[in-house]
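Trainee: I would like a close look at one chain of this model, taken part by part. Please go through how its pieces are arranged and which residues bring them together.

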Amino acid sequence: MPPDHHPLLRELTARAAAVAHQVPHTAPCPCAAATLADRPDGTVVRHGDTVAKAHARDADPGELRARMETASRLGDTFVAPLSHPSTDLRGRPVTFWPYGIPVDPDAPEAAPWEPAATLLARLHRTPAPPGLPGMRGPLNAARAVTRLRAEAPDHPATTPVLKAWSTLPAWAGAEAPMPGPLALCHGDFHLGQLVRLPGGGGWRLIDVDDLGTGHPAWDLARPAAWFACGLLHAEEWARFLAAYRNAGGPAVPAAGDPWPYLDIPARALTVQTAARMIAKAVGEGRPLDEVETCVVDACARIASVEAPAAPGAQA
Amino acid sequence: MQCPKCRAPMHTYNRNGVQIEQCSGCRGIFLDYGELEALTRLEAQWSQPAPPAAPQAYPAAPPAPAAPAWGAPHGGHYGHRRHKSFGHMLFSS
């Protein structure tokens with residue numbers, strides 16, 4: 001954690017309050033306020049109906065602006081940013097958003113699989129605006145593997161994870177262009193990226209940091225990977241996939257086996273998940289838990305099966 | 001592969017999809033990484049009581065969705081759903 005991190009959190013909290021009350025604001029007030037995330041790649045605080053996010057230090061301002069403009073235009077799919085101008089705080093770009101009610105992390109069985117799939121299908125069917133940068137899913141997978149190599153080179157679970165990574169084509173690690181047809185993608189979809197707008201406005205996606213053009217199966221690949229790891233119920237995966245197909249999502253054919261299209265991204269997300277879990281466990285000085293072991297076991301199985309040559313090809 | 005205990009050759013057998021090595025001399029068994037867990041899961045499945053037969057009037061359960069070749073064997077480990085780490089996984093990048 002950089003030494004200036006807590007001042008950043010304090011100042012970000014003050015800015016969220018100022019935007020929420022539309023005046024400089026220092027006095028205590030009865031608004032609900034909380035730190036929603038606090039990481040070098042995203043510090044997020046809430047004050048009342050306003051959320052302020054300090055993005056990663058290396059976030060490209062032009063790319064971030066293009067992503068925010070895209071979210072502004074897709075009000076039925078994404079939470080649109082507040083019109084308050086973006087600023088800069090200790091070298092990190094800061095943006096402002098309306099607060100949305102998240103999925104309850106303690107009740108994953110109540111997860112809105114159908115609305116989530118419908119939002120993704122709608123996003124993937126929307127023509128990408130010109131000038132939008134690429135979706136950053138593969139870059140995030142590659143970064144997780146780089147971190148694993150640096151922080152847990154000698155952990156016994158690192159070997160199967162790196163072997164699984166070696167089955168993947170260059171594009172899955174952001175070292176080659178993604179195969180087409182490309183679509184507008186979220187780039188980092190999971191259940192924490194869904195919120196309900198207050199007042200019954202329905203579900204929306206949040207977090208534009210990885211939004212861009214790319215291989216749309218990537219957005220289905222986390223639930224696909226959880227299912228393939230044996231952690232997500234087949235019934236819930238089937239509901240998510242059926243809703244995506246019913247909404248005309250283009251990432252997989254409308255019928256038949258979707259796995260020729262999902263296999264490579266689901267492998268990449270399994271590797272990314274395992275890599276982050278191992279690095280986290282090493283950082284906390286503890287052994288892997290049962291769920292983490294399931295994901296590492298999936299990597300061992302991935303390493304033993306050749307990946308399809310291209311999306312849609314049989315393995 | 002040689003048995004680490006008695007040095008006799010070991011032979012590979014497939015038991016319900018799990019590859020195990022057994023020594024031709026002392027009959028000792030060697031398990032690779034993850035194989036003990038795979039066998040434990042199998043055992044847990046066998047020890048579960050058989051579900052009651054569905055009455056004929058009900059329609060058949062929907063077919064299981066397609067899975068990749070590397071998918072979890074034997075229907076997964078949904079017992080971990082209440083695990084805190086499962087919830088964390090669903091909600092983090």
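Mentor: The domain assignment divides chain A into domain 1, residues 5-99, and domain 2, residues 108-303. The model is a predicted one, and what follows should be read as a description of that prediction. Taken over C-alpha atoms, the centres of domain 1 of chain A and domain 2 of chain A are 25 Å apart. Where the two domains meet, 13 residues of domain 1 of chain A contact 15 residues of domain 2 of chain A. On the domain 1 side, the largest share comes from helix α2 of chain A (residues 61-73), which supplies 6 residues. By class, that side of domain 1 of chain A holds 7 nonpolar, 4 polar and 2 charged residues.

Next, the sheets. Five strands of chain A make an open sheet of 5 strands in the order β1-β2-β3-β5-β4, and the pairing is antiparallel. The edges are β1 (33-39) and β4 (87-89) of chain A; each has a single partner strand, so one side of each is left without a neighbour in the sheet. From one strand to the next, the twist averages 25°.

A second open sheet in chain A has 3 strands, in the order β6-β8-β9, and its pairing is antiparallel. Here β6 (101-102) and β9 (203-205) of chain A stand at the edges with a single partner strand each, so one side of each lacks a neighbour in the sheet. The antiparallel pairing of β6(A) with strand β8 of chain A (residues 194-196) runs over 2 bridges. Pro102(A) faces Val195(A) of β8(A) in the pairing, standing opposite that residue.

Helix α5 of chain A (residues 158-165) packs against helix α9 of chain A (residues 290-303) at an angle of about 45°, with the axes 8 Å apart. The two helices, α5(A) and α9(A), are therefore oblique to each other. The crossing in which α5(A) passes α9(A) is left-handed. From α5(A) the contact takes Pro160(A), Val161(A), Lys163(A) and Ala164(A), and from α9(A) it takes Val296(A), Cys299(A), Ala300(A), Ile302(A) and Ala303(A). By class, the contact of α5(A) with α9(A) has 8 nonpolar residues, no polar ones and 1 charged.

The loop between α5 and β7 (183-185) of chain A contains Pro181(A). The peptide bond leading from Gly180(A) to Pro181(A) is cis, with omega near -5°. Ala174(A) also belongs to the loop between α5 and β7 of chain A. Although Ala174(A) is not a glycine, its phi is positive, at about 65°.

Helix α6 of chain A (residues 217-228) packs on helix α8 of chain A (residues 259-283) at about 70°, with 7 Å between the axes. That angle makes α6(A) and α8(A) roughly perpendicular to each other, and their crossing is right-handed. The residues of α6(A) in the contact include Trp218(A), Leu220(A), Arg222(A) and Ala225(A), and those of α8(A) include Tyr261(A), Pro265(A), Leu269(A) and Thr273(A). By class, the contact of α6(A) with α8(A) comprises 13 nonpolar, 2 polar and 1 charged residues.

The axes of helix α3 (residues 113-125) and helix α7 (residues 234-246) of chain A come within 8 Å and cross at roughly 35°. The crossing of α3(A) and α7(A) is right-handed. Among the residues that meet are Trp113(A), Glu114(A), Thr118(A) and Leu120(A) in α3(A), and Glu236(A), Arg239(A), Phe240(A) and Tyr244(A) in α7(A). The contact of α3(A) with α7(A) divides into 8 nonpolar, 1 polar and 3 charged residues.

Last, the contact with the other chain. It takes 35 residues from chain A and 25 residues from chain B. On the chain B side, helix α2 of chain B (residues 84-90) gives the most, with 5 residues. The side of chain B that touches chain A has 14 nonpolar, 10 polar and 1 charged residues.

Conventions. Residues numbered from 1 in each chain as written. Chains lettered and ligands numbered in written order. Predicted model: local features only at pLDDT ≥ 70, side-chain atom pairs only at ≥ 80, totals over all residues. Domains from an automatic or database assignment. Contact = placed C-beta atoms within 7 Å. Helix = DSSP H or I, 4+ residues; strand = E, 2+ residues; numbered from the N terminus. Nonpolar A, V, L, I, M, F, W, Y, C, P; charged D, E, K, R; others polar. Pairing = 2+ DSSP bridges. Axes fitted to C-alpha atoms, helices over the stretch in contact; angles between N-to-C directions. Parallel < 35°, antiparallel > 145°, perpendicular 65-115°, else oblique. Left-handed = near helix turned anticlockwise from the far one by under 90°.
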